[in-house]
Amino acid sequence: MPSHCRTSLNGRRTNLRALTGQRSYDHRPSGRLAYDEAVAVPKVLLFYAFAPLPDPEAVRLWQRELCERLNLRGRILLSPHGINGTLGGELGSLKRYVRVTKEYAAFRELDVKWSGGSGLNPDNSSVDFPRLTVKVRDEIVSFGAPDELRVDDRGVVGGGSRLDPRALHALAAERDDLVFFDGRNRFEAEIGRFKDAVVPDVANTREFVEALDSGVYDHLKDRPVVTYCTGGIRCEVLSSLMLSRGFQAVYQLDGGIVRYGEAFGDDGLWEGSLYVFDGRGSMTFSDHAAVLGRCEGCGSPTSRMRNCTDLSCREQLVVCEDCGQRSCASHAA
């Protein structure tokens, strides 16, 4: 079978060139690269696109093949609603990935954000990700409400109004009743958040629907609410869920905390470090970032995050270097 053809789950052969509209050229790095390998630059790429995908499995096969050829590691999730991913690798390879992926019509408006990686292995693979996983799921963000989400060629239908960082500042200056609503897991906010933000007590994204339906945030329904998250994707869905539940004025920070940090660093409304789901653990936007986290062991200021020592537990804890690792309350001896 030619390399550009694969068999999808329903048994039919899918031509990946036809799927993406690509010309028949090879995306594998050539023997002679256009950039200097001696100064290879490690980068992390955060990206997503909401768009209808008729055959997510065919896209999965194409994406996995592309990433393997470019020696990229990380995680990509696909669903009938679009794509959501984080990849690490050498800068030139990641640029090639973006260029090729955007050739597919559904991903032409791919939202892309860059940050520095921790380093590269001898084969130029990222040290921030142990492997590559590319999977098809019911949702690319797991709110547990796939039937509530509607997407078209322009993205999420019925989502909150978008605010770029400067528009956010303008709204904050205009409305003293503005509410920042954290769209991340509770533990992420322990080391960084917008000033005076509402931080829901949720351990994972699936708990947001229950929290909204409980009525605990009904007092915010008549106030302007700005949802924010790491890169913007969770708030695409969260803002639509809030609007469908009667919240009157819901906004989403376009590009998330990452894009805000690129614009204002630590000289705006953001405070602390940004938790990231890879080997880096967290990142900051300047050399004068506030340290909001407090070590679970000794109480000292730190932004260091570590897993609970119980291997079956997914709880993340703020733990300083001196204390090393700690167990969560459920697994403490």
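Buried, as the word is used in these legends, means a relative accessible area under 20%. The views below are taken from a predicted model.

**View 1. Overview of the predicted chain.** The protein contains seven helices and 19 strands, and 49% of its 333 residues count as buried.

View 2. Helix H3, which spans residues 91-101, is mostly covered, with eight of its 11 residues buried. These buried residues are Gly 92, Ser 93, Leu 94, Arg 96, Tyr 97, Val 98, Val 100 and Thr 101.

**View 3. The crossing of helices H4 and H7.** Helix H4 (residues 165-174) packs with helix H7 (residues 256-264) at an angle of about 85°, and the axes of the two helices are 9 Å apart. The angle makes H4 roughly perpendicular to H7, because angles of 65 to 115 degrees are placed in that class. From H4, the residues Pro 165, Arg 166, Leu 168 and His 169 meet Arg 259, Tyr 260, Ala 263 and Phe 264 of H7. Sorted by class, this contact of H4 with H7 has five nonpolar, one polar and two charged residues.

**View 4. Helix H7 and the residue that follows.** Within H7, the residues Gly 256, Ile 257, Val 258, Tyr 260 and Gly 261 are buried, and Tyr 260 is also one of the H7 residues that meet H4. After H7 comes Gly 265, which has a positive phi near 55°.

**View 5. The second largest pocket.** The space in the second largest pocket amounts to about 370 Å³. Its lining is made by 19 residues, and Phe 50, Glu 109, Asp 153, Arg 154 and Gly 155 are those that lie nearest the centre of the pocket. At least two lining residues are supplied by strand S3 (42-50) and at least two by strand S9 (155-156), and S3 gives the most, with three residues. In terms of class, the lining of this pocket has 10 nonpolar, one polar and eight charged residues.

**View 6. The largest cavity.** The count of cavities of 30 Å³ or more comes to one, and the largest cavity has a volume of about 40 Å³. The residues that line the largest cavity are Phe 50, His 81, Glu 139, Ile 140, Val 141, Ala 145, Leu 149 and Val 237. By class they divide into six nonpolar, one polar and one charged. Phe 50 belongs to the lining of this cavity and is also among the residues nearest the centre of the second largest pocket.

View 7. Ala 40 is located in the loop between helix H1 (16-20) and S3. With 21% relative accessibility, Ala 40 counts as partly exposed, so this residue falls outside the buried class, which is kept for values under 20%. When residues up to four places away in sequence are not counted, Ala 40 touches Glu 90, Leu 120 and Asn 124. The C-alpha atoms of Ala 40 and Leu 120 are 8.2 Å apart in space, although the two residues are 80 residues apart in sequence. Asn 124, in turn, is found in the loop between S6 and strand S7 (132-136), and has a positive phi of about 70° although it is not a glycine.

**View 8. Ala 203 and Asp 196 in the loop between S12 and H5.** Ala 203 lies in the loop that runs between strand S12 (192-194) and helix H5 (207-213), and Asp 196 is placed in the loop between S12 and H5 as well. Ala 203 is partly exposed, at a relative accessible area of 36%, whereas Asp 196 is exposed, at 71%. Phi of Asp 196 is positive, near 65°, in a residue other than glycine. Once neighbours within four places in sequence are left aside, Ala 203 is in contact with Asn 185, Arg 186 and Phe 187. A separation of 8.2 Å divides the C-alpha atoms of Ala 203 and Glu 315, which stand 112 residues apart along the chain.

Definitions and conventions:
Residues are numbered from 1 along each chain as its sequence is written. This is a predicted model: local features need pLDDT of at least 70, side-chain atom pairs count only at pLDDT 80 or more; totals for chains, interfaces and linings use all residues. Side-chain values use heavy atoms; hydrogens and water are left out. On a 1 Å grid over the protein atoms alone, a cavity is a set of points where a 1.4 Å probe fits but cannot get out, and a pocket is an open set with protein on both sides within 12 Å along at least five of seven lines; lining residues have an atom within 4 Å of a point. Grid points are joined across faces, edges and corners, and a volume is the space filled by probe spheres set on the points. Helices (H or I, at least four residues) and strands (E, at least two) are DSSP runs, numbered from the N terminus. Ala, Val, Leu, Ile, Met, Phe, Trp, Tyr, Cys and Pro count as nonpolar, Asp, Glu, Lys and Arg as charged, and the others, Gly among them, as polar. Axes are lines fitted to C-alpha atoms, for helices over the stretch in contact, and angles run from 0 to 180 degrees between N-to-C directions. Angles under 35 degrees count as roughly parallel, over 145 as roughly antiparallel, 65 to 115 as roughly perpendicular and the rest as oblique. Contact means heavy atoms within 4.5 Å. Buried means under 20% relative accessible area, exposed over 50%, partly exposed in between (1.4 Å probe, protein chains only).
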